[in-house]
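The exercises below are meant to be worked through with the sequence and the coordinates side by side. Try each task before reading the solution that follows.

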Amino acid sequence: AMTRAMAWPRARRLAWELRRSWEAAGFLEMLAVALLALWLGLETWVNAPLRALVAAEAQREAGLSAQAAQLARPATAPQPLAAPADAVRKGFPPASQREAQIRRLHALAADAGVTLERIDYQLAPLKALPLQKLTLRLSGVAPYEAHRRFLHDLLRTFGNAGIERVGIEKEKDSVQNLRLSLDVALYFRGQP
């Protein structure tokens, strides 16, 4: 076994050999050794972890591209273009309910206290959809509250109604009454 007294001269001898090699080596040899040590350090502590990260990222991207390609493929055949129009059309009542809705409109006006003096009807097909539009031009006289109630009830009762024009003017002979001019459009399925 080596004792401490024996180890000390050996360490001194090793230090002496390194110092002698250092002095004997020229500048270019030292530069080469330093560059080699730098390259080994960079390769070990920087490049190896970066290469592992790049490989993992490339593998993840390959998996995502496969998923994107799978999602891009259509699952079913495309639906014909007429399908959205059919879906819209089904939301409207059939043309056979037209007379019943007109009677209900008259009843709403009477319940609200609006006296309808004139109604003009105009039925026309819509060019873009298989629907028909019934335009009603109403003219009635009543107090403001009655007109307001009539319009409210009209819009709540008929989901297929739209108000296109509203005109209100003061009645000449009455302080309380107003004259209402109203264009209402009712939409129905089918062609006239």
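**Exercise 1.** In what order do the 4 strands of the open sheet stand, and with what pairing?

*Solution.* Bear in mind throughout that this is a predicted model. Begin with the order of the strands, which is E1-E2-E4-E3, with antiparallel pairing in this open sheet. Next, look at the ends of that order: strand E1 (115-125) and strand E3 (161-170) stand at the edges with a single partner strand each, so one side of each has no neighbour in the sheet. Finally, follow the sheet from one strand to the next, where the twist averages 15 degrees.

**Exercise 2.** Describe how strand E2 pairs on its two sides, and identify residues that stand opposite each other.

*Solution.* Then turn to E1, which pairs with E2 in the antiparallel sense over 10 bridges, with Arg 118 standing opposite Ser 139 in E2.

**Exercise 3.** Is Thr 135 buried or exposed, and which residues does Thr 135 touch?

*Solution.* First place the residue, which is in strand E2. Its relative accessibility is 13%, and because buried means under 20%, Thr 135 counts as buried. Then list the contacts: leaving aside residues up to four places away in sequence, Thr 135 touches Asp 120, Tyr 121, Gln 122, Glu 164, Val 184 and Ala 185. The strand as a whole is mostly covered, with 10 of the 13 residues of E2 buried.

**Exercise 4.** Which residues make the nonpolar surface patch of about 1100 Å², and how does Leu 50 count by its accessibility?

*Solution.* The patch is made by Phe 27, Leu 28, Leu 31, Leu 35, Leu 38, Leu 42, Trp 45, Val 46, Leu 50 and Leu 53. Of these, Leu 50 lies in helix H2 (residues 27-72), and at 46% relative accessibility Leu 50 counts as partly exposed.

Methods: Residues are numbered from 1 along each chain as its sequence is written. This is a predicted model: local features need pLDDT of at least 70, side-chain atom pairs count only at pLDDT 80 or more; totals for chains, interfaces and linings use all residues. Side-chain values use heavy atoms; hydrogens and water are left out. Two strands pair if DSSP finds at least two bridges between them. Axes are lines fitted to C-alpha atoms, for helices over the stretch in contact, and angles run from 0 to 180 degrees between N-to-C directions. Patches are made of residues with over 30% relative accessible area and no salt bridge: like charges are joined within 9 Å, nonpolar side chains (Val, Leu, Ile, Met, Phe, Trp, Tyr) within 5 Å. Accessible areas come from the Shrake-Rupley method with a 1.4 Å probe; for residues, only the protein chains shown count as cover. A salt bridge is a side-chain nitrogen of Lys or Arg within 4 Å of a carboxyl oxygen of Asp or Glu. Buried means under 20% relative accessible area, exposed over 50%, partly exposed in between (1.4 Å probe, protein chains only). Contact means heavy atoms within 4.5 Å.
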